Structures are given as structure tokens and as C-alpha cells.
Amino acid sequence: MAKLINRSSFVALPVFVALIALLIAFGFPFKSYLVSLRQQRLFTAEELSLYNGTDVNLPILLAILGSVFDVTKGKSHYGIGGGYNHFAGRDASRAFVSGNFTGDGLTDSLRGLSSSEVILIKCSFLPNDLWPCMHPLEILRDSQFAARFWPTPLRVKSIIEWREFYRRSYKFVGKLVGRYYDIQGNPTKYLKGVEAKAARGAQLLEKQKKEEAKQPSCNSRWSQGEDGEVWCDDGFPRLVQRPQEIALTGKMSKRCACFTEDQLSQQGLEVYEGCDYLSKTCRV
């Protein structure tokens, strides 16, 4: 019996070596495969919570949509006492889209959010060293500011792009088992659904941009404590509906666009209140 086992082992070894040689000959990417295996570390929520910055001997980790990143190089922000420490040691994906950084807001669930809410603040603010644009926390400290700007479609980006920002800026270290990845590290139906929903939001925004590019927007000027004004260098300012807005936010909104005199008879064009029919500048 022992001789049979030894003989089988002797036969199996050359077969295994031959198989490896064959894979190498056909260009199997062993290096990429091994790197992939190293990056497949799977965390439970309990394990991830240990990396919240309280233990100086451990890296600081956070997760977004189940992808786990090492943000230790930003420990002044993500460590204890840092302004973004509430993201450390957990997946708080919902906070990236809702602006709720306390209690139930610090969860990975996106249930109940519309397509427009599965997209985030566009980089229309001054950047800093750690973020592609101002972090939502800084914007949402002022609730009036948030109420005005947070839902605006042209100022939002997909949460997927925040995840990609972390991929570019920080080290990806694994996946969080749960809502977005199963115990084998495979994407769940929930993650695929979120990605599809975000992609749909991005498509609608792109479609809206292309449609609005056909009719130039008004120039505008605003100052605190004073009325604003809109004007057209060529044409006349009119308020028009934004048809894609209903799909993005569930409600309609209007924008100011410039129309030539021969276009003013089109349906759906609204003259600003108190503004002359052929005025190029209107107070708002």
C-alpha cells in the first residue's frame, strides 16, 4: 500500500510541474493572480471595527460599498479626534450620500434613497490634500447651505466615484463581508443593484448636460444680502423646465437659458417676473 502511495506521488509531481510549465508557456498571469489573492482579505464588521484609530499599532481602515481601504496616511483626519473619524472602522456608505454623520446615518445601507441620492457632490469647491473636492461633512455643517446645494443634479457625482477616489488615493486592502460582498468575496446582488442605479443616475445627468448644451445657459451673479441677476450676451433670458430632473430627483425644476428673438415664441418659455419681454438682464 505504501509503495502504491509513493508511486502515485511520484507520478503526480511531474504532472503538476508540467501543468505549471504549460500555464507559464501560455502566459498565465501568476503575479497578478497572487496580488489578487493578497488583496482578497475578507473582513467581518467586528474585525473592521478594530481598525478605527484607537489602537496606534493598527492601521486605520474604512469601507465604502464594501471595499476596504487603508487611510492611515490621513490619520490627522481619520484618527481619534479627526473630523472624519466617524468613517473609520466601519462602512458608512449612506453618510456619503445622505450627509447624516451620526447614529443611524453611519450605516452601509442605501435603501430608500432615490437615483439622485446615490450620487454625490460634484467637485465644484476648492480641493484640499485628501479629497477631490470639499468633503460632504464640511458642506453639511451648514443646514441651509446643504438644503440649497445638496440635491442639485449638476453638483452631484456618483458614489461610485468616491469609491474610485479611494482606490486612486489610498491602498485597497480587502472586502467587508455582508451587504456588498458574500463570504467568498463575490459582489452581492445588492452591490450590483447600487452600481446599476448609480450608473443610471450618471447617464441621466450626462443626457441632461447634452440637451442643455444645445441652448446656452444664462450668465448669473449673486451676492449675499442683495438680489441676483441673470443676463444673456446673445439673446434673452427665459426660465425653462429641465425634463430629466423628474427622473433624477422626483420633481421638476427650471433653469435660465438664452434664446434668440425668433425663438421666443416657443412653448414653455417663462419671462422672469418684473423683467421686460426683450430685456437682456433680469433681476431675480
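Modeller: Let us begin with Phe-87, which is buried because its relative accessible area is 2%, where buried means under 20% relative accessible area, exposed over 50% and partly exposed in between, with a 1.4 Å probe and protein chains only. This is a predicted model, in which local features need pLDDT of at least 70, side-chain atom pairs count only at pLDDT 80 or more, and totals for chains, interfaces and linings use all residues. Residues are numbered from 1 along each chain as its sequence is written, and side-chain values use heavy atoms, with hydrogens and water left out.

Biologist: Why does Phe-101 count as buried?

Modeller: Phe-101 has 12% relative accessibility, so it counts as buried, the limit being under 20%.

Biologist: How many aromatic pairs does the structure hold, and what makes Phe-43 and Tyr-51 an edge-to-face pair?

Modeller: The structure holds 14 aromatic pairs. The ring centres of Phe-43 and Tyr-51 are 6.1 Å apart and their planes are at 85 degrees, so this pair is edge-to-face; rings of Phe, Tyr and Trp (its six-membered ring) pair if their centres lie within 6.5 Å, and planes under 30 degrees apart count as stacked, over 60 as edge-to-face and the rest as tilted. Both Phe-43 and Tyr-51 are buried.

Biologist: What is the geometry of the pair formed by Phe-87 and Phe-101?

Modeller: Phe-87 and Phe-101 are edge-to-face, with 5.8 Å from centre to centre and 85 degrees between the planes.
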